[in-house]
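Trainee: I have a new model open, and I would like to learn how to read it. Could you take me through it step by step?

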Amino acid sequence: MKKVKVEKKDTTFFIPADELRAVYAATSREETRYYLNGVFVECDSAGRVIMTATDGHVLLSLQAHEESFIGAETYEFNEYGFILQTDILDRAFKAK
């Protein structure tokens, strides 16, 4: 497994791809339910990253590996977390 050194900044976040793929499996592919169309990423009070996804039938939540982090300014628009949309994740997982 390749190790990547990521510099922690206020505007960055780091989530291991294997863990993101695991939660991504529960996302909805139905575009009419835009609020289910992605992975919700949040940070708890202890700084742990938690990812949650649902397709309306299955709900999957995962606490990411301890090396994961979310920069403080990532919450600029929503202090509770953010959604990584399915179409963006599709392109990211297909990229080489």
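Trainee: How many bridges join β3 to strand β4, and do the two run parallel or antiparallel?

Mentor: Strands of a sheet pair through backbone hydrogen bonds, either parallel or antiparallel. Here β3 and β4 (residues 59-63) are joined by 5 bridges and run antiparallel. Two strands count as paired if DSSP finds at least two bridges between them. The names come from DSSP runs numbered from the N terminus: helices are H or I with at least four residues, strands are E with at least two. Before we go on, this is a predicted model, in which local features need pLDDT of at least 70 and side-chain atom pairs count only at pLDDT 80 or more, while totals for chains, interfaces and linings use all residues. Residues are numbered from 1 along each chain as its sequence is written, and side-chain values use heavy atoms, with hydrogens and water left out.

Trainee: What is the order of the strands in the open sheet?

Mentor: The order of its 4 strands is β4-β3-β2-β6, with antiparallel pairing. β4 and β6 are at the edges with a single partner strand each, so one side of each has no neighbour in the sheet. From one strand to the next, the twist averages 25 degrees; for such angles, axes are lines fitted to C-alpha atoms, for helices over the stretch in contact, and values run from 0 to 180 degrees between N-to-C directions.

Trainee: Which elements does α1 touch when it packs on the sheet?

Mentor: α1 touches β2, β3, β4 and β6, and its direction makes about 30 degrees with that of β3. Contact means heavy atoms within 4.5 Å. The other helix to look at is α2 (residues 86-94), which lies across β2 and β6 at about 55 degrees to β6.

Trainee: Which residues have the most contacts inside the largest nonpolar core?

Mentor: A nonpolar core is a set of buried Ala, Val, Leu, Ile, Met, Phe, Trp, Tyr and Cys residues joined through side-chain atoms within 4.5 Å. Buried means under 20% relative accessible area, exposed means over 50%, and partly exposed is in between, with a 1.4 Å probe and protein chains only. The largest core has 15 residues, and L20, V39, V41, V49 and M51 have the most contacts inside it. At least two core residues come from each of α1 (17-24), β2 (38-43), β3 (49-54) and β6 (82-85). Leaving out residues up to four places away in sequence, V39 touches several others, including L20, M51 and F82.

Trainee: Why is β3 described as largely enclosed?

Mentor: 5 of the 6 residues of β3 are buried, so the rest of the structure largely encloses this strand.

Trainee: Is S61 buried or partly exposed?

Mentor: S61 is partly exposed, because its relative accessibility is 48%. S61 belongs to strand β4, and T52 stands opposite S61. The side chains of S61 and T52 are also joined by a polar contact of 3.2 Å. A polar contact is a pair of N or O atoms within 3.5 Å; within protein, one must be able to donate a hydrogen and the other to accept it, and residues adjacent in sequence count only if both atoms are side-chain atoms.
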